[in-house]
Amino acid sequence: LEQISEEQVTANKNVVSEFDEIKSGLEEMIAMIDMSSSKVKEIDTSKDDVIMKIDNIVAVTEETAAAAEEVNASIDHQDESIQFVLDLSRELMDKADRLNNQLKKFNV
């Protein structure tokens with residue numbers, strides 16, 4: 001009977017030892033899960049930062065495109081103004097030539 005009791009005590013000690021190993025393994029797994037969770041949160045924060053920066057780049061790009069359209073419109077308007085002044089200059093030269101021809105008739 002004493003031998004059986006000793007065997008049971010030994011078996012109980014072995015079971016307790018196995019449960020301690022399981023507990024230790026679970027604690028390590030929990031620590032690893034916590035670390036993984038922390039890394040996931042860091043990645044999520046980084047992702048949000050990247051999205052915000054991309055949104056800023058998109059906004060700047062849209063503003064640049066709008067400014068480029070305004071510059072193009074201004075260039076078109078300036079081109080039309082230059083063409084108008086050129087037409088008026090040609091017309092003025094033509095009238096000056098006619099006036100000069102008319103004046104030559106009086107200088108005869």
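A salt bridge is counted here where a side-chain nitrogen of Lys or Arg lies within 4 Å of a carboxyl oxygen of Asp or Glu. By this rule, the side chains of Asp 48 and Lys 47 meet in a salt bridge, at 3.4 Å from N to O. The structure is a predicted model, in which local features need pLDDT of at least 70 and side-chain atom pairs count only at pLDDT 80 or more, while totals for chains, interfaces and linings use all residues. Residues are numbered from 1 along each chain as its sequence is written, and side-chain values use heavy atoms, with hydrogens and water left out.

**Overall form**

- Helix H1 covers residues 2–106.
- Along the principal axes, the C-alpha atoms fill a box of roughly 160 × 10 × 10 Å.
- The radius of gyration of the protein is 46 Å, whereas a compact globule of 108 residues would have a value near 13 Å. This radius is taken over C-alpha atoms, and the globule rule is 2.2 Å times the number of residues to the power 0.38.
- Ser 36 and Gln 8 are 28 residues apart in sequence, and their C-alpha atoms are 41 Å apart in space.

**Surface and exposure**

- Of the 108 residues, 0% count as buried; buried means under 20% relative accessible area, exposed over 50%, and partly exposed in between (1.4 Å probe, protein chains only).
- The protein exposes about 10,100 Å², of which carbon and sulfur atoms supply 60%. Such areas come from the Shrake-Rupley method with a 1.4 Å probe, and for residues only the protein chains shown count as cover.
- Ser 36, which lies in helix H1, is partly exposed because its relative accessible area is 42%.
- Val 15, Phe 19, Ile 22, Leu 26, Met 29 and Ile 33 make a nonpolar surface patch of about 590 Å². Patches are made of residues with over 30% relative accessible area and no salt bridge; like charges are joined within 9 Å, and nonpolar side chains (Val, Leu, Ile, Met, Phe, Trp, Tyr) within 5 Å.
- Ile 33 of this patch lies in helix H1 and is exposed, with a relative accessible area of 53%.

**Charges and salt bridges**

- The protein has 11 positive and 25 negative side chains, and the centres of the two sets lie 19 Å apart. Lys and Arg count as positive and Asp and Glu as negative, while His and the chain ends are not counted; the place of a charge is NZ of Lys, CZ of Arg, CG of Asp or CD of Glu.
- Side chains of opposite charge can pair when their charged atoms come close. The count of salt bridges comes to four.
- Asp 44 forms a salt bridge with Lys 47, with the closest N and O atoms 3.3 Å apart. These two residues are separated by about one helical turn, because they stand three residues apart in helix H1.
- Salt bridges link Asp 44, Lys 47 and Asp 48 in a network. Its members are partly exposed, with relative accessibilities of 37% for Asp 44, 42% for Lys 47 and 39% for Asp 48.
- Another salt bridge joins Arg 98 and Asp 94, where the closest N and O atoms are 3.8 Å apart. Both residues lie in helix H1, four residues apart, about one turn of the helix.
- Arg 98 is partly exposed at 48% relative accessibility, and Asp 94 is partly exposed at 41%.
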